[in-house]
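Could you walk me through this model in my viewer, stop by stop? I would like to know what to select next and what I will find there.

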Amino acid sequence: MSVDSHPSPTGEIVLSLRGISKNFGAVSALTDIDLDVHAGEVVALVGDNGAGKSTLVKILSGVHQASSGSITFQGKPVTLPDPKSALSLGIATVFQDLALCENLDVVANIFLGKELNPMRLDEVSMEVRAWTLLSELSARIPNVREAVASLSGGQRQTVAIARSLLLDPKLILLDEPTAALGVAQTAEVLDLIERVRDRGLGVVMISHNMEDVRAVADRIVVLRLGRNNGIFYPDASNAELVSAITGASNNSVSRRAGRRSTQSQAGTSL
């Protein structure tokens, strides 16, 4: 479907990438990637394994440095030499493994490495701030003093996202936020992503689940073999998305869609 048939994002451009490439020796992981993310927008980054999604997120989080290209954040050219630089600019990342300490409680995990008065912990202020963050996200966590080990997958994802909001970022990167979650927990996390967007943040979400992508994404950016391969919207068909992701227009999804279309037309003509 053409871009003109969809409304343009109204928020300011938080992140703009132009010509981002990344080489690992002779291997080209990314080539001339362009990407814009607006405030109050969820951009889903999709593609097959090896498409370059995780490499791009690691560049944005300061883990890797781009071989070439430019990054503009909130209208200013920036460099991201390390994760600390990305965080200080306002780019927070929630990786797939969440990096939570299971033996610590929710408060300790949210403030991990950012404790208030480290020499003499201000436990009361930390607990109040943790409750405030979780309340703003309408999180279903009954007790912030509960060990993370006892939480469900969806609740752990909530804690990780709450921790990423602690420094008031402008952009959040989510790497497979619904992976290995059940139906109810997935719905909880998708609601959480919508609430983060409603706070006016830009969100980049990596996912392999097209239904999850359609549920929350405003735009869907496809990467294939390290290159841009199209921008789609939630009303795009599975056949269109699979074709862009795999580069094959003749596949089981497109054939199934064709059969359904034929059957529907046949039924209408009766």
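## First stop: strand β8

Select residues 202–206, which form strand β8: five of its five residues are buried, so this strand counts as mostly covered. Keep in mind as you look around that this is a predicted model.

Now show the side chains. In a regular strand, side chains alternate between the two faces of the sheet. On β8, G202, V204 and I206 point one way, while V203 and M205 point the other way. Residues on both sides are buried.

## The neighbours of β8

To find the pairing on screen, pick A44 and look for M205, its bridge partner in β8.

## Second stop: E115

Move to E115, in the loop between α3 (106–110) and α4 (123–136). Is E115 buried, exposed or partly exposed? Its relative accessibility is 28%, so E115 counts as partly exposed, given that buried means under 20% and exposed over 50%.

Follow the side chain of E115 and you will see it reach the backbone nitrogen of G113 at 3.1 Å. Leaving aside residues up to four places away in sequence, E115 touches L121 and M126. If you draw a C-alpha to C-alpha distance between E115 and M126, expect 7.7 Å, for two residues that are 11 apart in sequence.

An α-helix has 3.6 residues a turn, so residues three or four places apart point the same way. Just after α8 comes G247, where phi is positive, at about 80°.

## Last stop: a charge over a ring

Finish by selecting K22 and F24. The charged end of K22 sits over the ring of F24, 5.0 Å from the centre of that ring. How many aromatic pairs does the structure hold? The count is zero, so there are none to select, taking a pair to mean ring centres within 6.5 Å.

Note on methods
Residues numbered from 1 in each chain as written. Predicted model: local features only at pLDDT ≥ 70, side-chain atom pairs only at ≥ 80, totals over all residues. Heavy atoms only, no water. Buried < 20%, exposed > 50% of the residue type's maximum accessible area, 1.4 Å probe, protein only. Helix = DSSP H or I, 4+ residues; strand = E, 2+ residues; numbered from the N terminus. Pairing = 2+ DSSP bridges. Contact = heavy atoms within 4.5 Å. Polar contact = N/O pair within 3.5 Å; in protein donor to acceptor, adjacent residues only side chain to side chain. Phe/Tyr/Trp six-rings, centres within 6.5 Å; stacked < 30°, edge-to-face > 60°. Lys NZ or Arg CZ within 6 Å of the ring centre and 35° of its normal.
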